[in-house]
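User: I would like to go through this model with you. Could we begin with the terms and then turn to the details?
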Amino acid sequence: MRFQLDAFTLFQYLPDRVTVTDRDGVILYVNPAFEEMTGYSAAEAVGSKPSIVKSGYHPPQFYQELWETILAGRPFRAEVMNRKKSGELYYEDQLIVPILDEQEQPVLFISFSRDITHRKALDARVRFLVDHDPLTGQLNRRGLLSWSERVFREARAAGRPVSVLFIDFDNFRTINEGYGHQLGDRVLITASQRIQACIGQDDACGRWGGDEFVVVLPGTSPGGAEVTARTIQSRLEEPAEVHPAVPTVYLRASIGVAAFPDDGQSVEEVIRLAERAMFAAKERAQGVRRVDRPSTLERTRLLVDLPNALQQGQIELHYQPTLDLRSRRVIRYEALMRWRHPQFGMILPGEFIALAEETRDIIAIDHWVLQKAVDDILSLIENHLAYDIAVNLSARTLGEGSIVGLVEEIAAASPEALTRLVVEVTESSLVRMDAARHSLESLRRLGVRVALDDFGTGYSSMAYLEEIPADIIKIDRRFTSGIGVRRGSEAIIRAIIALCREFGCRALAEGIETQDQLEWLTAAGCHEGQGYWIGMPSSKKDLGWASGSREKERGRKAPLPAPKRTVL
């Protein structure tokens with residue numbers, strides 16, 4: 001009895017809730033912390049059962065397991081949601097300890113509980129921020145991609161369409177510069193709310209980055225998506241009064257539309273096509289624009305013609321220069337495919353690479369591109385032109401594995417060529433295919449350098465940098481376009497450059513289209529740059545790689561700026 005009195009005296013001063021019940025669960029004692037936590041006084045609690053704080057959240061199986069455990073003489077611990085006398089819900093970390101008699105049978109149960117409501121709220125907030133934008137509350141890029149992958153899988157199985165809208169504000173930079181970033185944030189919040197109000201419960205809106213939003217519409221045809229896009233555009237362009245001290249703000253929005261399966265097969269491809277349509281809408285001041293894609297008949301014709309395109313000499317390479325930002329000299333050219341179709345004219349890779357991957361023609365094409373690039377490297381070496389060449393390889397080609405054998409043959413015949421060769425691969429392809437990563441590792445062992453393209457636009461970048469240490473990391477053009485416009489883009493670029501410094505690789509910024517962007521990147525410590533301001537993709541003839549043109553090309557500096565922005 002003396003021990004019991006001392007224990008109850010101790011319970012009086014514990015900050016945790018203490019409840020003592022008999023074997024039948026009738027409350028015999030509660031401490032002051034119980035009264036404070038639950039709102040029930042000791043007089044109200046004693047004689048009743050712990051179910052007075054039951055919330056109804058947990059299923060009957062939970063309480064069945066609880067009683068089976070403690071009646072067997074074993075402690076039971078769990079996180080429990082209960083309800084205060086006021087009706088307010090709260091979480092507690094609860095430990096129930098059986099007190100046994102001489103026959104090892106429980107005679108009393110002592111429950112110790114600690115309020116963890118605040119911790120649970122913080123955990124929920126952290127989980128929310130993993131997939132959501134902290135400013136607008138919408139899905140972030142990671143969350144939207146994850147959600148969209150599931151939607152596309154279900155749509156593919158059910159044979160339903162999925163449409164995507166890519167939204168960008170034409171005048172957001174003016175608003176930011178004129179009124180400040182704080183008001184700009186208010187504008188983005190208002191815009192996201194207006195977009196959300198225009199779409200259904202089964203649809204999703206995500207903040208893609210800066211002033212860009214992506215809307216995914218499951219089960220919506222391209223025609224229906226265009227109607228939704230025009231509704232969103234009209235709603236966004238209504239006057240916005242975001243702050244009493246600031247005049248009415250007017251937004252102008254450009255929206256691109258693309259759809260599965262008509263335009264693309266994967267989430268990344270459809271979003272990329274919608275973005276391209278958005279840029280076209282912006283350039284033509286159209287507001288809303290569907291992506292330009294071949295018709296069904298044209299697509300069928302391309303599928304038929306593609307296998308013979310190589311043999312008939314219709315596939316050719318154009319080369320886009322890469323600049324060393326410190327010396328301002330061209331150090332590398334990226335080989336970009338073009339299909340000179342006899343009926344449809346010049347076709348960019350975005351129009352036929354996906355078709356080639358569907359039919360496995362991509363493997364033969366990639367082999368041809370690699371061999372052609374090596375031939376050009378040897379020609380450059382012969383003409384004393386010190387340029388590297390980068391080629392893009394698809395994940396399917398890398399996954400198939402035969403490309404490694406081709407490079408081994410090249411290494412045996414022309415080892416000097418491999419020192420000038422760079423292989424580019426997107427991080428998203430590495431995420432999806434382990435076999436592609438293994439092939440890439442084999443190429444690196446042979447001396448081929450690796451460039452990781454579209455870095456930062458997927459969701460596994462950091463992990464794969466450890467698994468495949470890239471020699472070059474390409475900063476995606478959407479971040480470059482945010483220089484001087486979006487603080488987040490500049491912060492991300494600085495972070496990638498710092499990451500490159502730690503990993504001992506070079507940072508290459510894509511999509512440089514202004515002198516200001518070039519100077520900012522140079523000052524930020526970016527190593528290399530690429531974009532229309534530096535040079536557009538050109539044929540070997542236009543570059544002057546023909547015999548007798550060495551003096552023209554040697555030590556070539558960056559050209560004059562391109563007259564207008566264009567998207568490859």
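Analyst: Helices here are DSSP runs of H or I with at least four residues, numbered from the N terminus. The model is a predicted one.

User: Which helix holds Arg 478?
Analyst: Arg 478 lies in helix 20, which spans residues 477-480.

User: Is Arg 478 buried or exposed?
Analyst: Arg 478 is counted as buried because its relative accessibility is 10%, and the cut-off for buried is under 20%.

User: Changing topic, what is the strand order in the open sheet of five strands?
Analyst: The order is 7-8-6-9-10, and the pairing is mixed. Strand 7 (204-209) and strand 10 (288-290) form the edges, each pairing on one side only. On average, neighbouring strands of this sheet are turned by 20° against each other, direction ignored.

User: How many bridges join strand 7 to strand 8?
Analyst: Five bridges connect strand 7 with strand 8 (residues 212-218), and the two run antiparallel. Within this pair, Ala 204 is opposite Val 216 of strand 8.

User: And which strands does helix 6 touch?
Analyst: Helix 6 (residues 141-158) packs on the sheet and touches strand 6 (162-169), strand 7, strand 8 and strand 9 (253-260). The direction of helix 6 makes about 135° with that of strand 7.

User: What about helix 9?
Analyst: Helix 9 (residues 222-236) also packs on the sheet, in contact with strand 6, strand 8, strand 9 and strand 10. Its direction makes about 160° with that of strand 9.

Definitions and conventions
Residues are numbered from 1 along each chain as its sequence is written. This is a predicted model: local features need pLDDT of at least 70, side-chain atom pairs count only at pLDDT 80 or more; totals for chains, interfaces and linings use all residues. Side-chain values use heavy atoms; hydrogens and water are left out. Two strands pair if DSSP finds at least two bridges between them. Axes are lines fitted to C-alpha atoms, for helices over the stretch in contact, and angles run from 0 to 180 degrees between N-to-C directions. Contact means heavy atoms within 4.5 Å. Buried means under 20% relative accessible area, exposed over 50%, partly exposed in between (1.4 Å probe, protein chains only).
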